[in-house]
Amino acid sequence: MELQTTRRDLLKKATLAGAIGLLPGLALADGKKGKSTRKRLVRIAHFTDAHVNSTGAGSKWLGKALEHVNSIADAPSTILFGGDMVFDGTMVSKDQMAAQWVEFHATLRNNNSIPVKYCLGNHDIWGWGSTQVDPREPEYGKQWARDTLQMDHTHYSYDESGWHFIVLDSISKFRHGYIGKLGSEQLDWLDRDLAAHADKPTFIMSHIPLLSACTTFFGNSEVDGNKWHVPGTLMHIDARHTKDLFLKHPNVKLCVSGHIHMVDRVDYNGVSYLCDGAVSGNWWKGNFQETPPGYSLIDLYDDGTWKRDYIKYGWTAEG
Ligand SMILES: [Fe+2]
């Protein structure tokens, strides 16, 4: 009942806004709307969950994916790396962590000439899950990734060609692991940043989804107490707060994430939430559930609409 009321209210507001020529945050933006008049302002690629490991599979196939995107005639202006650049840093020694970053950087150096930006994933963090790593190590936690990826801040924003881009830091420490959470300081920053760029359609990237449908397909709901179970490690535990912020700031059009290794799309309150599949697929063993290894190309238009294509870059079991 409550959902029906909310939807009816939204539709009423949309009709009203349409009548006065405004659709603030209520248009379900996608590739099918306004095709004839809209103008593309920017094209980006979203590479997430590359999980470059030390066996060679990661660098080989990330290299192929980079080769693929670099060969597109109408190439993206930027590759946004959505996190989990390396296979795993949480449980490994200093030498193992170093080897993964060396492999990741070499793969980019050898296969890519498109500018890149980074978002931190849970696997990019060193030592949080290990009792062997001393927390007093200067590179402990997020510091190693920040140093090697030259990130002044783990959340930041910038403008490109009429769109505003926000990169969030999903990863909050929780016991000996992590949880998807921005926390009050980052939420305050996000509120201020959205207010300061209210004149631009806004794209948000996080590693962990702010809102996602495919997170429900982890576990087995029928045997797990007949409940859908979505832990805060799979989807932001503070999504109610971001949902409220986006109602306050209807310039937010698109929220893109990774982490789940599955492609989905959720439209809620005029914001589209896209989860993308992983460059690594099932950690270099093929499809993860139904989603093949891939990356996405996202076009952003002058009317606040967008278009996503999920690209299979040619991963094969045979190599
Ligand atoms: Fe991942």
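Strands (E, at least two residues) and helices (H or I, at least four residues) are DSSP runs, numbered from the N terminus, and two strands pair if DSSP finds at least two bridges between them. This is a predicted model, in which local features need pLDDT of at least 70, side-chain atom pairs count only at pLDDT 80 or more, and totals for chains, interfaces and linings use all residues. Residues are numbered from 1 along each chain as its sequence is written.

**The sheet as a whole**
- An open sheet with mixed pairing is built from 6 strands, in the order β4-β5-β8-β9-β11-β10.
- The edges are held by β4 (156–160) and β10 (264–268); each has a single partner strand, so one side of each is left without a neighbour in the sheet.

**The hairpin at β4 and β5**
- β4 and β5 pair in the antiparallel sense over 5 bridges, and Y156 has V167 in β5 as its bridge partner.
- Together the two strands form a hairpin with 2 residues between them, where S161 in the turn has a positive phi of about 50°.

**A covered strand, β5**
- In β5 (residues 163–167), 5 of the 5 residues are buried (20 or more other C-beta atoms within 10 Å of a residue's own, with C-beta atoms placed from the backbone).
- In a regular strand the side chains alternate between the two faces of the sheet.
- Here W163, F165 and V167 point one way, while H164 and I166 point the other way.

**Parallel neighbours**
- β5 and β8 run parallel, joined by 4 bridges, and H164 stands opposite T202 in β8.
- β8 (residues 202–205) also pairs with β9 (residues 252–257) in the parallel sense over 4 bridges, with L254 in β9 as the bridge partner of F203.

How values were computed. A residue is buried if 20 or more other C-beta atoms lie within 10 Å of its own, exposed if 12 or fewer, and partly exposed in between; C-beta atoms are placed from the backbone.
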